[in-house]
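I'm opening my notebook on this one. I want to look up the overall picture, then a bond, a residue and a pocket.

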Amino acid sequence: MILALLKKHILKSTSNCEISKSGFSLLFVLITMFFIFIAISICSLAIKNTLNTDNVIKTNANHLMACEKALNDTLLKLSEDPEYSGGELVENSIPVKVVVFDIGQYKRIIVSSPDKNIEILAEKQFSVPRYALAVRNRLSTTGNVRVVTKYSDKATPGILINYGGNSYPNIFFITSADGLSNPSEPIKINLDESSPFWQEYIKGLQNLPSGFVVNYLDPANSAPILNSLNCNQTYLVPVRLGTNLKINNLQDNCKITFSSDVSSYKDLLLPSNANFDFNGQLFVNGNLILESKEVNIKNGLNVLGDLNLSNSNNLKVGGSLFVLKNSNLQSSSKLTVNNGAQIKGDFLDDKGCVVNINKALNVEGGTKIYGQLIANNSQINFNNVYILNGALVDASGSNVYVNRTLNIDGSDISQGGSIKSSSLYVDSLNIGPYQSVNSTITVFNSANISGNIFGSLLVLNEEPDSNATFNDGSNIFYLDPPENWFGPPLGLKFVMVKGSWREF
């Protein structure tokens, strides 16, 4: 109608060849009304579409959330039942259908609702549950035992593998927070030991690292032999030292320095009236007896006999240490090794002594520790090790392997000994009363626990007559293991492959 009036007016004005001032005003009003009408129509249509879009988005969001929840539930279901093939379910009042296709190491999962479909690819992986206590077979207790976790911990309260009975004899699983304790039911898993992942795990345990090895060679076997040394003198060329050294020109604070490699003719005794600096390597073709208070060796010490520190000595080895026979520290002596130590015989760390070793420690004989051993972030291998009468072993960040027995005990109950490490693998474990182990522990055969464990415990019972015995008052306080810790694959889990999500 507006267009018709506009056309009529234009034709009339054109035919009269007169365009008056009133004509222009009318033309402007009509054009303005035309554009206002168009704007109102567009706004009405936009508002209507917006309302419809909000409803569509809200519907799609609800259906997407329902599909996501069904997907997460399906991943958990597959961990319990790897043969699960899907089904129909309802999530938040929305019907959802799940279809699972098995494609070898992966599962293709399609989740559908009336308004949304998603598809992912899930990879089959071994699960490593965070257990506090796991015993494969033959568990017994004398008295009451506690297994304590916190509400914030990732651990299941307890997992007993293939345990013959349905009860847990005098073992109390407890979750604790803010000083309040609540009983908690353990989770029991009967593992199919014929499964490939269990066999793979057991096989892997049989190939644990065998220990640090030092390759040694006499660096000065053709050097001249010296039976006497001058106080405060520096020897620039390689030499060989006699057994009973004589120190000439004795003075207070006497120090003798060797700039090159040094070896000994046979046994070597470093006397108490001088201190020694070896800027190269020291190679001893026999026993090394330290009476000198301060001995510094920059590039490694090799002893083809016994190493004896028995006079409050302070021995510092910048490189590696190799001892063919026994190593004995007594009388508050100190030993520091910066690049790993290998001891082929027995190792004694007596009361009041301190041993500090970096990188690695490998003791092939028996070990008795009455003093203090510090070996952080290292690989440690023992054969038999006894931690006695309040001794302390700080192996924080280290993996400790004991081929036979670890026995931590003491005659004085007021002196509780302890060992701390990232992980501990031991054939047989004995923790006496008031003693403690702070580690993620794997015991291949028998465990006899009377003290405290801060960490977790798995007893594999590899030998038929092995067992796990927990005595009255023993406790396990679960500590979440570090991320680089690896444990037994007790089940399966399915994890979505990154980038496999597809919406349609």
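**Overall.** I looked up burial to begin with: 44% of the 504 residues in the protein are buried, where buried means under 20% relative accessible area, exposed means over 50%, and partly exposed is in between (1.4 Å probe, protein chains only). This is a predicted model, so I note that local features need pLDDT of at least 70 and side-chain atom pairs count only at pLDDT 80 or more, while totals for chains, interfaces and linings use all residues. Residues are numbered from 1 along each chain as its sequence is written, and side-chain values use heavy atoms, with hydrogens and water left out.

I found 3 helices and 44 strands in the protein; these are DSSP runs numbered from the N terminus, helices being H or I of at least four residues and strands E of at least two. The protein exposes about 25200 Å², and carbon and sulfur atoms supply 53% of that (Shrake-Rupley method, 1.4 Å probe; for residues, only the protein chains shown count as cover).

**Disulfide.** I reminded myself that a disulfide is a covalent bond between the sulfur atoms of two cysteines. The rule here is a pair of cysteine sulfur atoms within 2.5 Å, and the count comes to 1. Cys 231 is joined to Cys 254, S to S 2.0 Å. The pair links distant parts of the chain, 23 residues apart: Cys 231 sits in the loop between strand 12 (225-230) and strand 13 (234-235), and Cys 254 in the loop between strand 14 (239-248) and strand 15.

Are these two cysteines buried or exposed? Cys 231 counts as buried because its relative accessibility is 7%, and Cys 254 is buried too, at 4%.

**Thr 257.** Next I checked Thr 257, which is in strand 15 (residues 255-258). Its relative accessibility is 14%, so Thr 257 counts as buried. Leaving aside neighbours within four places in sequence, Thr 257 is in contact (heavy atoms within 4.5 Å) with Gln 233, Thr 234, Tyr 235, Asp 277 and Asn 279.

**Second largest pocket.** I then turned to the second largest pocket, which holds about 200 Å³ of space. A pocket is an open set of points on a 1 Å grid where a 1.4 Å probe fits, with protein on both sides within 12 Å along at least five of seven lines; lining residues have an atom within 4 Å of a point. Among the lining residues I noted Leu 205, Tyr 401, Asp 427 and Phe 444. Strand 36 gives the largest share of the lining, 3 residues.

Conventions. Points joined across faces, edges and corners; volume = space filled by probe spheres on them.
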